Amino acid sequence: MFTKLQYSTFALAFLGTKLADGQAIYHDIDPDIILDEPYTIANLDLNMDGIYDFGFASFTWTLEYPDYDPYNYVQRLYVGPDSPLNWIAGSHKVYGTAEYNMYDVYFPFALNAGYNVNSTINFQNSGYQRMAFNSTYWLPSLEIWTLKDGGKWIPDVEDRFLGISFVDTLDCRHYGWIRCSVLDNGHTLIIKDYAYETKCDVGIVTGDTVGDTTGTVNITANNKLQADIFVYENNLSIQLPRPCTDCKLFIFDQTSRVILSQTFSGDYYTTKLSLPLGIYYVTIEVENTLTSKNILIK
């Protein structure tokens, strides 16, 4: 999707990741991805298998008519799956008539927190789905202009959720969410974080970072522990803002398998890692407060 456009590349090298006592994987995109320039795109690889799952794009253009004086300024924010097997929750509308210029337009939902994303809601797999759009038609000689906007993410929609579903390389269908904000009357898209359920064909609630278990963890509570997590020469180091007792350390591989589980005390901890090359997810739990980060072993 969106491969023929001029684009900006967004590195997702330091995503906060959370998977503990549950079946969901949560990523905090740090820094947030911001699309606020014309003809820019971003793609997300949700399960980090090297295959993009969903793409976002900002289009802006002006249509001029050489034989007349009007022009039409158009701005749109799109999202779409990078595979026809991947879906986005939303609705669509048919414009035109069967005799002349009939076409479908797809509108992704802007879901509130607590909405159950599963097989019962309406999904669509169109590659270009309009989150927000607006256009201005201007006829200078008559000083006539019209303004039209639309989509479920306009004029300003903050901290709402896209409901998504994707299929991995093992043909497992996952359900998830992507939290976004659309500002400046549809001109700025901010992509903040996402989560998906690791169990096949099992839904997830928007805002939930734990998944199909006995409870949920609020996003804001999940990020309260400001810990520094870093790796140097395969030594994992953790610096906490305050000393703790019986802190929990979890390390997961990309299949969500726990490969290390330890407890430690104090405000600083380091351990030597003997792991194959790759990306791993580190989660620290201190008094029911979590912080997470992915690390690269090279």
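A salt bridge here is a side-chain nitrogen of Lys or Arg within 4 Å of a carboxyl oxygen of Asp or Glu. The views below come from a predicted model, in which local features need pLDDT of at least 70, side-chain atom pairs count only at pLDDT 80 or more, and totals for chains, interfaces and linings use all residues. Residues are numbered from 1 along each chain as its sequence is written, and side-chain values use heavy atoms, leaving out hydrogens and water.

**View 1. D159, R179, K192 and D193 form a network of salt bridges.** A search of the whole structure turns up three salt bridges. Let us start with D159 and R179, whose closest N and O atoms are 2.9 Å apart. Because D159 sits in strand β12 and R179 in strand β13, this pair ties together parts 20 residues apart in sequence. Strands are DSSP runs of E with at least two residues, and helices are runs of H or I with at least four; both are numbered from the N terminus. D159 also forms a salt bridge with K192, and here the closest N and O atoms are 2.7 Å apart. The remaining bridge joins R179 to D193, with 2.9 Å between the closest N and O atoms. Since R179 lies in strand β13 and D193 in strand β14, the pair ties together parts that are 14 residues apart in sequence.

View 2. With a relative accessible area of 33%, D159 is partly exposed. R179 counts as buried at 16% relative accessibility, and K192 is buried at 16% too. D193 is buried, as is R179.

**View 3. A disulfide joins C172 to C200.** A disulfide is a pair of cysteine sulfur atoms within 2.5 Å; in this one the S to S distance is 2.1 Å. The link is left-handed, with -125° about the S-S bond. It connects distant parts of the chain: C172 is in the loop between β12 (157-167) and β13 (173-183), and C200 is in the loop between β14 (188-197) and β15 (204-205), 28 residues apart. What cover do the two ends have? C172 is buried, at 5% relative accessible area, while C200 is partly exposed, at 44% relative accessibility.

**View 4. C244 and C247 make a disulfide.** The structure holds two disulfides, and in this one the sulfur atoms are 1.3 Å apart. Both C244 and C247 are buried. With the bonded cysteines of the protein numbered in sequence order, the pairing reads 1-2, 3-4.

**View 5. Two peptide bonds that are cis: D30 to P31 and I154 to P155.** Most residues other than glycine have a negative phi, and most peptide bonds are trans. The bond joining D30 and P31 is cis, with omega about 5°, and P31 has its place in strand β2 (residues 24-35). The bond from I154 to P155 is cis as well, with omega near 10°. P155 belongs to the loop between β11 and β12.

**View 6. Y39 and M48 have positive phi values.** Phi of Y39 is near 55°, in a residue other than glycine. Y39 lies in the loop between β2 and β3 (40-44) and is partly exposed, with 31% relative accessibility. M48 likewise has phi near 55°. It is found in the loop between β3 and β4 (54-64), where M48 counts as buried at 16% relative accessibility.

**View 7. S292 and D28.** S292 belongs to strand β20 (residues 289-297) and is buried, with a relative accessible area of 15%. Which separation lies between the C-alpha atoms of S292 and D28? The two residues are 264 residues apart along the chain, and their C-alpha atoms are separated by 8.5 Å.

Definitions and conventions. Buried means under 20% relative accessible area, exposed over 50%, partly exposed in between (1.4 Å probe, protein chains only).
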